[in-house]
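This briefing covers the salt bridges, a helix, the nonpolar cores and a group of paired strands. The structure is shown first, and the points follow by topic.

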Amino acid sequence: MVNPLYRISILAFCSYLGVILGNAISFDTYIKLLGYPSYFSEIIRISFPFVTIYYSLMIFTLYYSMKAFKKLYYMLFLLVAWHIHNLFAVFFFSSLNYFIPLPSFINLLIYFTMGTVFCIQGIYSEKHTSLQYINLKCPGLKGNVTFAHLTDIHLGAVYGKEFIQKLVNLILKANVDFVCITGDMIDGNIKMTREMLEPFEQIKCPIYFVSGNHEDYTWKEEAYQIIDTTNLKRIGDSIINFNNQLNIIGIDYIYDSHIIKAKLKNLLKNQSNSNLNPNILLYHVPIFNAKALEEYNIFMFLCGHFHGGHFFPFTLLRLLRNIFVFEGLYNYKNKHYVYCNSGQGTSGPCVRSFSKSQIGIIRLEGEKTE
């Protein structure tokens, strides 16, 4: 298993900036900060012991027993998220303060209020998973099909059996024909157990699974042995025909996009010429846009990975969603679709400021049968 400390490196750096640089800037404008380097040094000197204790606790929690210290793990990552939100709030208002000078205590009040509100909103969104319904007409489909799309569940220290039960309850309400899981079911900070997956047994329709990058980061083979004892079906690097209505193509996560495309072409090449059912592709990372699916004759591509940005300010990347596949439904000629789900769980800070925890419920309307 890869040491989970890799997951904290970037977040820890941002959090450190939020604690030290954020506090420094909140008390004065950039001009004064640059003009008084000794003031900056003094803040570093005062903050360093507290920051060191904070990160020592975090590293201890991550490295030793995340299961035993689940609440501490959760609280520490919430603090990381809070610091990151505060960091960007203070950068924004300190820049504003350059043009409209404000008293230091008002800067500080805005700084903490902004970061705290964003963080609280993120905690609320993370705890409320919803269903996102998508209705599409599917040429060549015999009858109608409804299925659920799960991705990025991240079972581990925070998300366990109770979380899976919540997801299952929502899926049962939707009355689907099958379920797709496009990777990162494992978070990697503690080992997944069969008990965590038991609620899936309440779903009587097929559940198809392909791996994500987090499965590769951890004890994949041992996890696969657990999955194989459940009603989840691993379909990586294969094509499954569902009820003579759809072809479901699964590709397990691999870093090299050239290999992925070669695998996909090879699978389609070996497909029976008489099989004219629409193709649905499952892969964790959104490497194809909707237009690219035309080359492979793929009706719909299901993916995840980005968590919808996860938390502010990374959620602002949705403003660029027309440039690259990031979140939501993408359409090309009403014949090819990409659905990039923002996922259900989180990795790292358990917040979703301005992103959603959601399950995709896709309803495909096909040709009427006699």
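Across the whole structure, a search finds 10 salt bridges. The model is a predicted one.

**Salt bridges**

- Glu198 and Lys161 form a salt bridge in which the closest N and O atoms are 3.2 Å apart. This pair joins distant parts of the chain, since Glu198 sits in the loop between helix 8 and strand 4 while Lys161 belongs to helix 7, 37 residues apart.
- Glu198 has a relative accessibility of 33% and therefore counts as partly exposed. Lys161 is likewise partly exposed, its relative accessible area being 31%.
- A salt bridge also brings together the side chains of Asp216 and Lys220, at 2.9 Å from N to O. Asp216 is partly exposed at a relative accessible area of 33%, and Lys220 is partly exposed at 24%.
- Lys333 pairs with Glu294 in a salt bridge whose closest N and O atoms lie 3.6 Å apart. Here too distant parts of the chain are linked: Lys333 is in the loop between strand 10 (328-332) and strand 11 (336-340), and Glu294 is in helix 12 (residues 293-296), 39 residues apart.
- Glu294 is partly exposed, with 38% relative accessible area.
- In general, side chains of opposite charge can pair when their charged atoms come close.

**Helix 7**

- Helix 7 consists of 14 residues and spans 20 Å from its first C-alpha to its last, close to the 20 Å expected at 1.5 Å a residue.
- Its buried residues are Phe163, Ile164, Leu167, Val168, Leu170, Ile171 and Ala174. Viewed down the axis of helix 7, these buried residues fall within an arc of 165°, so they line one face of the helix.
- Glu162 and Lys173, on the other side of helix 7, are exposed.
- The packing partners of the buried residues of helix 7 are strand 1 (130-142), strand 2, strand 3, helix 8 and strand 12.
- Asn175 follows helix 7 and has a positive phi, near 55°.

**Nonpolar cores**

- The largest nonpolar core has 37 residues, of which Ile153, Val179, Ile181, Met185, Met192 and Phe200 touch the most other members. Elements that give two or more residues to this core include strand 2 (144-150), helix 7 (161-174), strand 3 (178-182) and strand 12 (358-367). Helix 7 supplies the largest share of this core, seven residues.
- Beyond its neighbours within four places in sequence, Met185 is in contact with several residues, among them Ile153, Met192, Leu197, Phe200, Phe209 and Ile227. The contacts of Met185 also include His154 and Glu215.
- Another core, of 24 residues, lies apart from the largest one and includes Ile134, Ile240, Phe299 and Met300.
- In soluble globular proteins, nonpolar side chains tend to be buried together.

**Strand 8 and its partners**

- Strand 8 (residues 279-282) is covered on both faces: Asn279 and Leu281 are buried on one side, and Ile280 and Leu282 are buried on the other.
- Strand 8 pairs with strand 7 (residues 246-250) in the parallel sense through four bridges. Leu282 in strand 8 has Gly250 standing opposite.
- Strand 8 and strand 9 (residues 300-303) also run parallel, joined by three bridges. Ile280 has Met300 of strand 9 as its bridge partner.

Conventions
Residues are numbered from 1 along each chain as its sequence is written. This is a predicted model: local features need pLDDT of at least 70, side-chain atom pairs count only at pLDDT 80 or more; totals for chains, interfaces and linings use all residues. Side-chain values use heavy atoms; hydrogens and water are left out. Buried means under 20% relative accessible area, exposed over 50%, partly exposed in between (1.4 Å probe, protein chains only). Two strands pair if DSSP finds at least two bridges between them. A nonpolar core is a set of buried Ala, Val, Leu, Ile, Met, Phe, Trp, Tyr and Cys residues joined through side-chain atoms within 4.5 Å. Contact means heavy atoms within 4.5 Å. The expected span of a helix is 1.5 Å times one less than its number of residues. The arc is that of the directions from the helix axis to the C-beta atoms. A salt bridge is a side-chain nitrogen of Lys or Arg within 4 Å of a carboxyl oxygen of Asp or Glu.
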